Amino acid sequence: MHQFNLKSSFKPTGDQPQAIKKLTENINNGIKHQTLLGITGSGKTYTASSVIQNIQKPVLILSPNKTLAAQLFAEFKNFFPQNEIKFFISFYDYYQPEAYLPSTDTYISKDSKINKYIEELRHDAVTSLLNRNDVIIIASVSAIYDVGSPENFNKASFTININDKFTRSELAKHLVAIHYSLKNLNLSDSSFFRYRENIIEVFLPNGLEIIEIELEKNKIKSISKKYNNLQNQNKDFLNIKNKTDFSKQRLETFTFYPTKLFITDKEKLDLSILNIKKELKERLLILKKQKKNTEYFRLKSRINRDIEMLQSTGYCEGIENYSRHLSFKQQGDPPFTLLDYYHFRFGNDFLLFIDESHISIPQIQGMYNGNYVRKSTLVEYGFRLPSAIDNRPLKFQEFEKIVPQTIFMSATPRDYEIKKSENNIVEQLIRPTGILDPEIIVKPCKDQIPDLIKEIEKQIKNKDKTLVLTLTKFSAEDLSTFLQNKNIKTKYLHSDIKPLERPKILNDLRSGKIDVLIGINLLREGLDLPEVSLIAILDADKEGFLRNKTSLLQSIGRVARNTEGRAILYADTLTDSIKETIKETNRRREHQKEHNKKNKIIAKTIKKSIDKTFIDEEIDFNKKHSKEVLVYLEKELQKSIENWDFEKSAELRDKIKELKQKTD
């Protein structure tokens, strides 16, 4: 059995030893909920890693947004380089859900752009859960949405062993049944297989590994896994998209899982389709009685089209809307989520960490209602069957019922976490670096932009970085343009920026490519930016969600990794939130000063390396290996021309052209 193996040059300091000890004891004593109240920069991630090392149980970590999830993923990969650290967030770069607006008779079809890479990471996370015990999955609230039945997914898998009797066509039949496709050449894709004499190469859904099956006299002679050599050079394997430069690992056995999470076997699929037809018939009778002719014919044509696709391919667009039938659940039953995969494999014997719980918990609480309103309208007007409503996120009460032992992590826990944890609040108010909470300076709103520019110029002169918080996306973009026109290197960061691009923007700030980063909400929680010594909060007296005590404390915490950390609040009025923020900050500062004096600690700014992002790793690798890939493709092109295979030649020519453009 694989064990968690924490690798770190850090040693527990400050409040960390007592926090690690108390959290571990509470878990061993069966405490269901506890809270790690850790200020920014106190090392909550290291504390959590130490607890994981002590407890040795599989872990799910919920993060409130994709930016923080990506940061946590990188941190845990560094702490546990030999273990299975996986990433599970929404795979949409863009998502417009299916909806209908009765007031204008406007149907909005589902429109989305799926990020293939994130889809591969999600699949890799799920299959790791079914194969390993030393798994940590960092997930967004996507973890509470329907992902299909773990039982069906596991049952559809098939295992091969050396000396098993298989013909080439029998293996192909098994692979096609779980949605692998046959292709001759596609170096940039996944979930397919191809033939090479007596060898079958299967490109796994994670996009990075190939299983090579060698046949001899209708028996499996050997099984090999080919994987990228960079994995052995302490690189992040999941960041590398190229499939050249492989080395081999010999295997005795291997299990293939379906390429899609929503899956059911043929026998169950036939029964599911009968149930869909039955529901359709019942719904059509109701619409007919209500004399809703438009809705009647609309529903009939749409559902029958989906049924035809399910019968012929076992899949259809929007298959998730039939999840209740495919999973044989009753009306109103909770959906299968990532949590169910944990329960399927480990029962209740795993840990849940909810990071920045003051944000994550309200998110989880609010997901169901918005989904229900939208789906109900689609059902009423004949776009979906009533069972589509059960393709949904978990209700909060359902979520509470299935969570295992849970640790809430926040610098500003809400009443919910405090009440749930009862007396099990573990404080971590001391930073290992000895840095105090930032000094708070209040300035008037009048002329806040000219004053801000003066402060930024001082920062640039000292080679320090600055964060600026506005109230809207428009104002963030507008201010960014204004500062750029003043020759200040500036970028903005908000929810419209693609998830995998956000860490790159943060690295640009840290590395000096930009001096100022402007945001709204994404710059509040958890970001680790030691080079930033000033945060400026514009219109700090506009009382509301973005300027309440919790938000202000979280925002100010962004500069708590630098000894020169300051927070400027532009406000004409000292609101209750500002007063409470100043009071709590001063309380913490006094506690920290006393600790430093007692232990003769001299504060020092955190020095942290700038890790490469998903995008940087992929670009570097492609540049390094582009010549080898081009040589290979050009040889294949020449062969196809000599064999008069002009269709393959055209495909190869396009790939060569695309690769040259990417690496110029």
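**Close-up 1. Residue classes around the largest cavity.** The lining of the largest cavity has six nonpolar residues, four polar residues and three charged residues. The model is predicted. The volume of this cavity is about 90 Å³. Of the 13 residues that line the largest cavity, Thr40, Asp437, Leu553, Gly557 and Arg588 are the closest to its centre. The structure as a whole holds five cavities of 30 Å³ or more. Rolling a probe the size of a water molecule over the atoms shows where empty space is left.

**Close-up 2. Helices at the largest cavity.** Two helices to find here are H17 (549–556) and H18 (576–599). Each supplies at least two residues of the lining of the largest cavity. Helix H17 gives the largest share of that lining, three residues.

**Close-up 3. The salt bridge between Asp134 and Arg132.** The structure holds 35 salt bridges, and one of them joins Asp134 to Arg132. The closest N and O atoms of Asp134 and Arg132 are 2.8 Å apart. Asp134 has a relative accessible area of 1%, so Asp134 is buried. Arg132 also counts as buried because its relative accessibility is 19%, and the cut-off for buried is under 20%.

Close-up 4. Lys458 forms a salt bridge with Glu455. Their closest N and O atoms are 3.9 Å apart. Both residues lie in helix H14 (residues 448–461). Lys458 and Glu455 are three residues apart, about one turn of the helix. Which of the two partners is buried, and which is partly exposed? Glu455 is buried, because its relative accessible area is 5%. Lys458 counts as partly exposed, at 48% relative accessibility.

Close-up 5. Asp508 forms a salt bridge with Lys513. The closest N and O atoms of this pair are 3.9 Å apart. Asp508 is buried, with a relative accessible area of 5%. Lys513 is exposed, with a relative accessible area of 56%. Elsewhere, salt bridges that share partners join five residues into one network: Glu84, Lys86, Asp124, Arg132 and Asp134.

How values were computed. Residues numbered from 1 in each chain as written. Predicted model: local features only at pLDDT ≥ 70, side-chain atom pairs only at ≥ 80, totals over all residues. Heavy atoms only, no water. Salt bridge = Lys/Arg side-chain N within 4 Å of Asp/Glu carboxyl O. Buried < 20%, exposed > 50% of the residue type's maximum accessible area, 1.4 Å probe, protein only. Helix = DSSP H or I, 4+ residues; strand = E, 2+ residues; numbered from the N terminus. 1 Å grid on protein atoms, 1.4 Å probe; cavity = no way out; pocket = protein on both sides within 12 Å on 5 of 7 lines; lining within 4 Å. Points joined across faces, edges and corners; volume = space filled by probe spheres on them. Nonpolar A, V, L, I, M, F, W, Y, C, P; charged D, E, K, R; others polar.
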